[in-house]
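Colleague: I have just opened this entry and would like to go through it with you. Could we take it piece by piece?

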Amino acid sequence: MVLLAKIALGFGATVVLAGAYTFREGVLRVDVDETHGRGQHVHVWVPAAIVPMAMHFVVPRGRMLEAEERSAKFMPLVHAVAKELQKYPEAELVEVHDGPQYIRVRTHNGNLLIDAEEPGQTVHVSCPLATIDDVSRELATLAPAS
Amino acid sequence: MTSRTRHFFHVIAFLAAAFLYAPLGTQAQTSSAQSSTSAHGERWLHVRVISTNSKGETVRVNVPLELAEKVLPAIDHDRLHNGKVRVGCMDCDGVDVRTVFEAVRSSKDGEFVTVQSNDADVSVMKKEGMLFVHVHDKNKPKHSQVEVKVPMKVVEALLSGSKDELDIVAGLHALAGQGDVELVSVKDDENTIRVWLDSKNVTTD
């Protein structure tokens, strides 16, 4: 009985610690809502801590190489922006109103938030800047030298 | 449960609580620190475009100067390389822009160019370390006023690169050393455009 309790305690503690660590790193969140017709609703929440690792397992190797090649020249820029933006955890960066269209880019609690709205569609993206930094650095490193 | 297990449980509970509450603590600190005035020494470049036409377009851009300084060298596209932009027109129609600027820089304050015509009034003057350009366009159906104010140190820094290129990073660095200043103001019947520099990380309008 005591042995079972110890195993359960160890398992429970591991789950709690793993969960706490995972969500401490933040969550990558993408919400897309189409309100016209039979609009689609896409809501994706991914713990940011697993994104750099998951990239290698979830994305097929071919696709990964293609992504690396295509994004290689932009990655140093993305990496520089993400790295610098981490110094500004609370900032309004861009806000554009154009009639019914609206775009807002800001940082909040160390996350990059992008909100875009137009009639019939809203998109909200939230991603920890540290994750963008990690992923861009990794893609820049993996890219073939030109 | 043995005493060792209980002790172990307390340690795990403490660690879990520490991990869970760490982000909340950070968030609380960040929220309390958040204000319209940014951290000491931060300089922000703001661009605001407000259109009063039927669509009512509004654009607000706030960029930390330090970020722009660090990010620009990472851009290698078209004429922009290593924070410098190749203009290829520093010797426009036989006029050497650098020589003209050098002459303006070393001269005393005053109005250097004044053009008054039926189409537009243009004036260029230097005053207290600033270069002012004022254009009043009368030709358009809707009159427009353009005012540009650039610190001489910034112009100097922009021209500090090699021939035929503007050193944008050096210009931004020089700009960061300036006080709060409105750099560009364009007004006509439909649009208002402002570019200015201050220490606030939000547009307060």
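**A chat about two chains**

Colleague: Which residues does Ile168(B) touch, leaving out those up to four places away in sequence?

Modeller: Once residues up to four places away in sequence are set aside, Ile168(B) touches Leu72(B), Gly83(B), Lys84(B) and Val85(B). Please keep in mind throughout that this is a predicted model.

Colleague: And which residues touch the most other members of the largest nonpolar core?

Modeller: Ile168(B) is one of them, and the others are Leu85(A), Leu112(A), Leu129(A), Ile132(A) and Leu172(B), in a core of 28 residues. At least two core residues come from each of α4, β3 (91-98) and α5 (129-142) of chain A, and likewise from each of α2 (65-71), α4 (152-158) and α5 (168-176) of chain B. As background, nonpolar side chains in soluble globular proteins tend to be buried together.

Colleague: You mentioned α4 of chain A, so which of its residues are buried?

Modeller: In that helix, which covers residues 75-85, the buried residues are Met75(A), His79(A), Ala82(A) and Leu85(A). If you look down the axis of α4(A), the buried residues fall within an arc of 140°, and therefore they line one face of the helix.

Colleague: OK, let's step back to the whole of chain A. How many helices and strands does it have?

Modeller: Chain A has five helices and six strands, and if you read along the sequence they follow the pattern α-β-β-α-α-α-β-β-β-β-α.

Colleague: Now the strands, please. Which way do β1 and β2 of chain A pair, parallel or antiparallel?

Modeller: Strand β1 (residues 27-34) and strand β2 (residues 41-47) of chain A pair in the antiparallel sense over seven bridges, and within this pairing Asp31(A) has His43(A) in β2(A) as its bridge partner. The two strands form a hairpin with six residues between them, and Gly37(A) in the turn has a positive phi of about 55°.

Colleague: What else does β1(A) join, and over how many bridges?

Modeller: Six bridges join β1(A) to strand β6 (residues 121-128) of chain A, and these strands run antiparallel. One example is Glu34(A), whose bridge partner in β6(A) is Gln121(A).

Colleague: Switching to chain B, where would I find a hairpin?

Modeller: β13(B) and β14(B) form a hairpin with two residues between them, where strand β13 covers residues 181-188 and pairs with β14(B) in the antiparallel sense over six bridges. Val181(B) stands opposite Leu197(B) in β14(B). Strand β14, which covers residues 191-198, is also joined by eight bridges to strand β1 (residues 44-51) of chain B, running antiparallel, and there His46(B) stands opposite Trp196(B).

Colleague: In what order do the strands of the open sheet in chain B come?

Modeller: The order is β3-β4-β5-β12 in chain B, and the pairing is antiparallel. The edge strands are β3 (76-77) and β12 (165-167), each of which pairs on one side only.

Colleague: Quick one on Ser106(B): is it buried or exposed, and why?

Modeller: Ser106(B) is exposed, because 7 other C-beta atoms lie within 10 Å and the cut-off for exposed is 12 or fewer. This residue is found in helix α3 (residues 97-106) of chain B, and its C-alpha atom is separated by 40 Å from that of Ser51(B), which is 55 residues apart from it along the chain.

Colleague: Last topic, then: where in chain B is confidence lowest and where is it highest?

Modeller: Confidence is lowest in helix α1 (residues 3-33), at a mean pLDDT of 49, and highest in strand β2 (residues 58-64), at 94. Over residues 19-35 of chain B the pLDDT is below 50, and this stretch has twelve contacts in the model beyond near neighbours in sequence. Chain B averages a pLDDT of 79, with 75% of the residues scoring at least 70, and the model scores ipTM 0.75 and pTM 0.75.

Note on methods
Residues are numbered from 1 along each chain as its sequence is written. Chains are lettered from A and ligands numbered from 1 in the order in which they are written. This is a predicted model: local features need pLDDT of at least 70, side-chain atom pairs count only at pLDDT 80 or more; totals for chains, interfaces and linings use all residues. A residue is buried if 20 or more other C-beta atoms lie within 10 Å of its own, exposed if 12 or fewer, and partly exposed in between; C-beta atoms are placed from the backbone. Helices (H or I, at least four residues) and strands (E, at least two) are DSSP runs, numbered from the N terminus. The arc is that of the directions from the helix axis to the C-beta atoms. A nonpolar core is a set of buried Ala, Val, Leu, Ile, Met, Phe, Trp, Tyr and Cys residues joined through C-beta atoms within 7 Å. Two residues are in contact if their C-beta atoms, placed from the backbone, lie within 7 Å. pLDDT is the predictor's confidence in each residue, from 0 to 100. Two strands pair if DSSP finds at least two bridges between them.
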